[in-house]
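Hello,

Here is the structure for you to look at. My notes follow below it.

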Amino acid sequence: MREEILTLARAVSGAKEAEDALLESLCEAARLRWEARLRPGLAPEDCGTAFACAAAFAAAADLAAGRGGGAVGAFTAGEISVKGRGAAEAAALARDLRQTAEELMAPYAKEARFCFRGVRG
């Protein structure tokens, strides 16, 4: 499953060869995070393709967030124009990828940010 997640994350993120080591680590971290959030009695294999896709989207989101925005948003030289992704666009992309991962795993995962707190009465 690790290779499947890495292959999907490469496709989603458009990672360059120089980013392979980082992306591989991000994929492993995403896989472990999603495994920890699985509902009791479920294994990654029980989630069909949703698990690998969610881990790949989460890793791609982490890569996008790590890339951030380039120092130069856009420039033109003669008839050639180049436009990079700004920090706000990179953050929005990362947020959207994470949201997609959450939606894919909703039937299989526990809530990530929920807890009960005791209140003295």
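The largest nonpolar core has 22 residues. A nonpolar core is a set of buried Ala, Val, Leu, Ile, Met, Phe, Trp, Tyr and Cys residues joined through side-chain atoms within 4.5 Å. Buried means under 20% relative accessible area, with a 1.4 Å probe and protein chains only. Ile5, Leu23, Cys27, Trp34, Phe51, Ala59 and Met105 touch the most other members. H1, H2, H3 and helix H4 (87-105) each give two or more residues to this core. H3 gives the largest share, 9 residues. Helices here are DSSP runs (H or I, at least four residues), numbered from the N terminus. Another core, of 5 residues, lies apart from this one; Ala60, Ala61, Ala94 and Leu97 are among them.

This is a predicted model: local features need pLDDT of at least 70, side-chain atom pairs count only at pLDDT 80 or more, and totals for chains, interfaces and linings use all residues. Residues are numbered from 1 along each chain as its sequence is written, and side-chain values use heavy atoms, leaving out hydrogens and water.

Now Leu23. Beyond its neighbours within four places in sequence, Leu23 is in contact (heavy atoms within 4.5 Å) with Leu6, Ala9, Arg10, Ser13, Ala15, Ala59 and Leu63.

Last, Arg37. Arg37 sits in helix H2 (residues 20-37). Arg37 counts as buried because its relative accessibility is 16%. Not counting residues up to four places away in sequence, Arg37 touches Glu102, Tyr108, Ala109, Lys110, Glu111 and Ala112.

Best wishes

How values were computed: Buried < 20%, exposed > 50% of the residue type's maximum accessible area, 1.4 Å probe, protein only.
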